[in-house]
Each structure stands twice: as structure tokens, then as C-alpha cells.
Amino acid sequence: MVETVNAVPAEAPALLVEKGQLSSITSEFSLEEIVTAPVSKGQRLGELTIKSGEQVLAQVPLVAETGVERKSWGDIFLDLLRQVAMAKPKD
């Protein structure tokens with residue numbers, strides 16, 4: 001079962017900038033602090049901001065690349081058993 005999901009741009013931002021402006025282009029991203037399963041493919045997870053200096057050139061939503069199901073109690077129990085089985089014995 002998948003426990004993580006990639007955040008990807010909802011669309012590819014297309015920008016026209018002057019050649020001299022290229023060195024001042026920066027990008028920032030913000031993600032939701034907590035996202036609980038289930039997560040749907042395409043669900044908004046944050047935002048990508050592209051700037052030139054202080055000027056905002058584009059803001060693009062970041063969305064879930066794939067979906068993630070909620071773990072069942074059985075899945076949680078199996079994860080716990082795996083952790084116990086893989087634990088090193090104490091000396």
C-alpha cells in the first residue's frame with residue numbers, strides 16, 4: 001500500500017520573460033501541513049509560485065500525482081507485525 005504521494009503541478013506553466021530577467025527567476029512552493037488519506041488523484045496539495053524578484057509571474061496549483069487509499073485496521077496490524085518481526089533482539 002502506498003504511504004506517500006508526489007505533489008506535481010496541475011499544469012505546466014508557460015512564461016515569457018526577458019533574457020536579462022532569467023537570473024532573477026525563483027520558485028517557491030507551499031504544501032498543506034497535514035493531508036490524510038484517502039487522497040484522490042488530482043487533489044490540491046499546495047501551490048507553486050514563480051517570481052522575478054518580488055513580482056509574481058505565475059501561481060500554479062500542486063496536485064496529487066496518484067491516489068492513496070486509507071489504511072484499514074488489517075493493514076495497520078500487518079505493518080505492526082512486520083515491524084516486530086524485523087526488530088533486532090536486544091543484547
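Q: How many bridges join S2 to strand S3?
A: We're in a predicted model here, where local features need pLDDT of at least 70, side-chain atom pairs count only at pLDDT 80 or more, and totals for chains, interfaces and linings use all residues. Residues are numbered from 1 along each chain as its sequence is written, and side-chain values use heavy atoms, leaving out hydrogens and water. Strands are DSSP runs of E, at least two residues, numbered from the N terminus, and two of them pair if DSSP finds at least two bridges between them. S2 and S3 (residues 44-52) run antiparallel, and the bridges joining them number 7.

Q: Which residue in S3 is the bridge partner of Ser30?
A: S2 covers 25-31 and is one of the edge strands, pairing on one side only. Over in S3, the partner of Ser30 is Glu47.

Q: What order do the 4 strands of the open sheet have?
A: Strands of a sheet pair through backbone hydrogen bonds, either parallel or antiparallel. In this open sheet the pairing is antiparallel, and the order is S1-S4-S3-S2.

Q: Is Val60 buried or exposed?
A: Val60 sits in strand S4 (residues 55-64). Beyond its neighbours within four places in sequence, its contacts (heavy atoms within 4.5 Å) include Pro9, Ala10 and Glu47. Buried means under 20% relative accessible area, exposed over 50%, and partly exposed in between, using a 1.4 Å probe and protein chains only. Val60 has 2%, so this residue is buried.

Q: What separates the C-alpha atoms of Val60 and Thr49?
A: Along the chain, Val60 and Thr49 are 11 residues apart. Their C-alpha separation is 6.5 Å.
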